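Here are my notes for you to read alongside the structure. Keep the viewer open and look up each piece as you reach it.

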Amino acid sequence: MSKASAVMERDFRIFFADKYMLMIMFANFMIDLGVSGLSLGAMIRNLGFSYFLYIAPGANLITATVASFQSGRDVWRERVIQDTQQYLLTLPVRKNVFALSRLFSGMLRTVLTVLPGTVVIAVLYGLSFQYFLVGLGIMFIYSGAVAGLSVAAASLANSLELFATVRSTVQVYLSFFSTQFYPSSILPPEVAAVSAFNPMTWAVQSFRALQAGTVDLALLAPLGGLSAALLAVGFLMYRRTMNY
Amino acid sequence: MAMIQFKDVAKSFKDVYAVKGVTCDIEDQEIFGLLGPNGAGKTTLIMTMATVYNPTRGEVVVDGHSASAEPDKVKSLIGISFQDPKYDRILSAREILQWHGKVTGVEKGVREKRIDDVLTKFGLAGEAKKRTWMLSGGTKKKIENAKVFVQRPKIAVFDEPTAYLDVPSRLMVWDMIDELRDGGTTVVLATNMMDEADRMSDRVGIMSRGEMVQVGEPARLKGTLKGRDVIEMKLEAPFPELVGEVKHVEEVKEAHFEGDLLKIALSNGRELLPHMINLVTAKGGKVQSVNLKEPSLEDVFLHYTGTTLT
């Protein structure tokens, strides 16, 4: 356990090496929420509900996506740029423990990063403290999917261009093939079909369900399943890079 | 019992063998110099010992534990200072050393004291909080070495520990490696610097093209190059007749003049030096200066590998 916590401590030190990191991420969220949310909310009024509140969780989940993808970026940088992976493998930490700790720390870092944004959404939605904690849980589960995917991509990509392209593609998929911005009822049928199998959809809908006073297990179960599957893929791909 | 045993260790990457069947023991608490040009297989051999590479053939046994079967036991014994610094350059020197000490199991109080000591010795106390990407190449290298000095493992590996360092820093690192060994650590010193290997090593292993071509004490290896001493005598003027006289000495292999410099290749040069001076003087040569060149470790390397250290 102490080895795992040491590995996670390093990830936190790297992620928060810049003391303004948390503030910058929160500022990004607030700009997204304030500018996009308020302006779009003012433009779109015929849905029968507040569009501002509708897209608010999506802004927080985008921040979570960025924070979670840093796990892959760390792994990629160690493999390709800094060439520190071999050093890390000489340390007295089991490879499985090492790989799992990296993924878990990526999820914890994400929760910490989106904590202020989640507080803002909890206030906007009028959530109880228990539901606020459920909201953080949704963020934690969602971050597992992105962290797993990013680490898998980082384990395969041997160039910055490829890794950056994968990241952009994943973000486009998560944002635009989901119900982050629009209800599935107004999406083109093909897009709606794809968006039904998107962790962003499951996460953002779960958040919206909290506003309605529901913890929707029908959304959380597939989110958890996909997250576990992508974490497993990330773990296996990362472990594969450790065998020489 | 040997601390490290390489038993017919081979490692290939795809079809290319970087290490080709190395068998060698490294004794407890010795400083073992691992010599070889770039690409000789030194780093691959070290990485195999450190459990990072799985050997294609053979076995590495470290303190009685198989590196393949018990990698966690073996990793807990080893600390490596890499040729190129390997740490997160967004972190400060103190953060890097704190984390390295923590993950290698150095207790907090001891860890902090060692960090303070090492940073002070290296003159880095004032730069300990700077992000390491801002620091010079020499300073980065010192931090890489410092990781092992804070860890004080049972087996310390230094890969080119004094590369990029100025002379005072080199001497400091050498002293610290000696202290580490005196404290009970076995040291593997991979280097291209012959003076470093000669000064530091109890024994050296010479690697070439993936093979360990020679292992022994530096003095013994140099002694194997019989007939490779050279006496250079600067005379007042060239004296060609002396060449024939000198060649009558049994140990002399070759002699000739280069200008007013008489060059004599022979064995046992140190013992025969007075005799050769007397001989030349007795025959009328006026000796102005004398220089004895004995085989260096580099000559040993050249002899056994047919290559130079580049």
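How many bridges pair strand E4 (residues 57-62) of chain B with E5(B), and in which sense, parallel or antiparallel?

1. **The E4 and E5 pair.** E4(B) and E5(B) are paired over 2 bridges, in the antiparallel sense. One spot to look up is B:Val61, which stands opposite B:Ser66 in E5(B). Two strands are said to pair if DSSP finds at least two bridges between them. In general, strands of a sheet pair through backbone hydrogen bonds, either parallel or antiparallel.

2. **Before you go further.** This is a predicted model, where local features need pLDDT of at least 70 and side-chain atom pairs count only at pLDDT 80 or more, while totals for chains, interfaces and linings use all residues. Residues are numbered from 1 along each chain as its sequence is written, and chains are lettered from A and ligands numbered from 1 in the order in which they are written. The helix and strand labels are DSSP runs numbered from the N terminus (helices are H or I with at least four residues, strands are E with at least two).

3. **Chain B as a whole.** Chain B holds 11 helices and 14 strands. Its C-alpha trace spans about 75 × 45 × 35 Å along the principal axes. Of the 310 residues in chain B, 42% are buried. Buried means that 20 or more other C-beta atoms lie within 10 Å of the residue's own; exposed means 12 or fewer, and partly exposed is in between, with C-beta atoms placed from the backbone.

4. **A covered strand.** Now find strand E8 (residues 186-191) of chain B, where 6 of its 6 residues are buried. Both faces are covered: B:Thr186, B:Val188 and B:Ala190 lie on one side, and B:Val187, B:Leu189 and B:Thr191 on the other. Strand E3 (residues 31-35) of chain B pairs with E8(B) in the parallel sense over 5 bridges, and strand E7 (residues 155-159) of chain B also runs parallel to E8(B), joined by 5 bridges. Look at B:Leu189: B:Gly33 stands opposite it, and B:Phe158 has it as a bridge partner.

5. **A buried glycine.** B:Gly205 sits in strand E9 (residues 203-208) of chain B. Why does B:Gly205 count as buried? Because it has 24 C-beta neighbours inside 10 Å. Leaving out residues up to four places away in sequence, B:Gly205 touches B:Cys24, B:Phe32, B:Leu34, B:Leu35, B:Met212 and B:Val215. For contacts, the C-beta atoms, placed from the backbone, must lie within 7 Å.

6. E11(B) and E13(B) are joined by 6 bridges, and B:Ile231 has B:Ile264 in E13(B) as its bridge partner.

7. **A bent helix.** Helix H10 (residues 269-282) of chain B has 14 residues and reaches 19 Å from its first C-alpha to its last, close to the expected 20 Å (1.5 Å times one less than its number of residues). H10(B) bends by about 30 degrees at B:His275, the bend being the angle between axes fitted to the seven residues ending there and the seven starting there. Its buried residues are B:Gly269, B:Leu272, B:Met276 and B:Val280. Just after H10(B), B:Gly284 takes a positive phi of about 100 degrees.

8. **Where the chains meet.** In chain B, 23 residues are in contact with 19 residues of chain A. H3(B) gives the largest share of that side of chain B, 4 residues.

Conventions:
Two residues are in contact if their C-beta atoms, placed from the backbone, lie within 7 Å.
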